Structure formats: C-alpha cells, structure tokens
Amino acid sequence: MPIAIGDIVEGKVSGVTKFGAFVALPEGKSGLVHISEISKDYVERVEDYLKKNDQVKVKVLTIGSDGKIGLSIRQAEPKQKEKRIIKQPSEVSFGAPKAELSFEDMMSRFLKDSNDRIDEIRSRDGKRKVGQR
C-alpha cells in the first residue's frame, strides 16, 4: 500500500542529525522528521529525544516530486482536549461577598472605582503636559 499524505505509519529511526532524524518507512522508503516536528516541547538536541533504531509513529506531512518525505512525530500523537475552567457568574468576586452587596451596589462601586482611575490618569497626563512646556 503506497504511503500518502496524512497517513500515520510506524517506522524505525535510521539516523540522527542536528536538524532532525531519518526514519525508515514501510516499502523501503525513508523520510525526515525535522527537529521542529519531534516534540511539542522545545527540542534543543535531537539526541535527547531519539536514538538510532527507535520505533516511532509518524505522520506523513509532505511527499515531494523528488521523492523526499516530510514526517512529524508530534502530529502523530493523539490530541488531548484542553480543560478550560470557566467561572460561573456566581463564582466571580467583586471584593465583597455576594450576600452583602446587591447588584446595584456592586455597579455603583465599579463606576466609582472606574471614575477614580480615569481622574487619576487625567491628572497624571495634565502634569506631564505642564512639565513638557
């Protein structure tokens, strides 16, 4: 069965270089895993991740007209879903327990704090302009 772009196949590392690793594939073909495609982590030295004769699972990224095959180990790994924690509105704190302040009280506190910050920024900008003249 010929190798096609997007296939995930097993191979054996046949050589390690500074820029990546060569992998022997089925049907006597070989391809290159570039250093950037070895791991999701930063790879400084290929030798820290791969050795000759290691069995690896790779994804075929490219097949050039000259027969060169580009491979990826990191893209052959199954993707893990990220767990995102989204706080519910009841879990968000505005500086005081929810039971003590009503929504209107929280809004008026927010507006007061915002206006105080704006006034502070304007006064700083005014002092800068006076000093520049």
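**Entry 1**

I began with F110, which is partly exposed, with a relative accessible area of 48%. I keep in mind that I am reading a predicted model. Next I asked where F110 sits, and I found F110 in helix α1, which covers residues 103-132.

**Entry 2: β1 and β2**

I moved on to the strands. How do strand β1 and strand β2 pair? I found that β1, residues 8-17, and β2, residues 20-24, run in the antiparallel sense, with five bridges. I also noted how many residues lie between β1 and β2 in their hairpin: there are two. To get my bearings I picked V13, and I saw that V13 stands opposite V23 in β2.

**Entry 3: β2 and β3**

I stayed with V23 and looked at another strand. V23 also stands opposite G31, which belongs to β3. Strand β3 takes in residues 30-34, and β3 pairs with β2 in the antiparallel sense over five bridges. β2 and β3 form a hairpin too, and here five residues lie between the strands. Which residue in this hairpin takes a positive phi? I wrote down E27, with a value near 65°.

**Entry 4: the aromatic pair**

I searched for aromatic pairs and found one in the structure. The ring centres of F19 and F22 are 6.4 Å apart and the ring planes stand at 85°, so I call the pair edge-to-face.

**Entry 5: salt bridges**

I then went through the whole structure for salt bridges, and the search gave four.

I checked the accessibility of both residues. R74 is partly exposed at 28%, whereas E37 counts as buried at 11%. I reminded myself that buried means under 20% relative accessible area.

*E77 and K40.* E77 forms a salt bridge with K40, and the closest N and O atoms are 3.8 Å apart. E77 lies in the loop between β5 and α1 and K40 in the loop between β3 and β4, so this pair ties together parts that are 37 residues apart in sequence. E77 is partly exposed, with a relative accessible area of 37%. K40 counts as exposed, at 54%.

*D48 and R45.* Here I noted 3.4 Å between the closest N and O atoms of the salt bridge. D48 counts as exposed at 51% relative accessibility, and R45 as partly exposed at 45%. I used the cut-off once again for D48: exposed means over 50%.

Note on methods. Residues numbered from 1 in each chain as written. Predicted model: local features only at pLDDT ≥ 70, side-chain atom pairs only at ≥ 80, totals over all residues. Heavy atoms only, no water. Phe/Tyr/Trp six-rings, centres within 6.5 Å; stacked < 30°, edge-to-face > 60°. Helix = DSSP H or I, 4+ residues; strand = E, 2+ residues; numbered from the N terminus. Buried < 20%, exposed > 50% of the residue type's maximum accessible area, 1.4 Å probe, protein only. Pairing = 2+ DSSP bridges. Salt bridge = Lys/Arg side-chain N within 4 Å of Asp/Glu carboxyl O.
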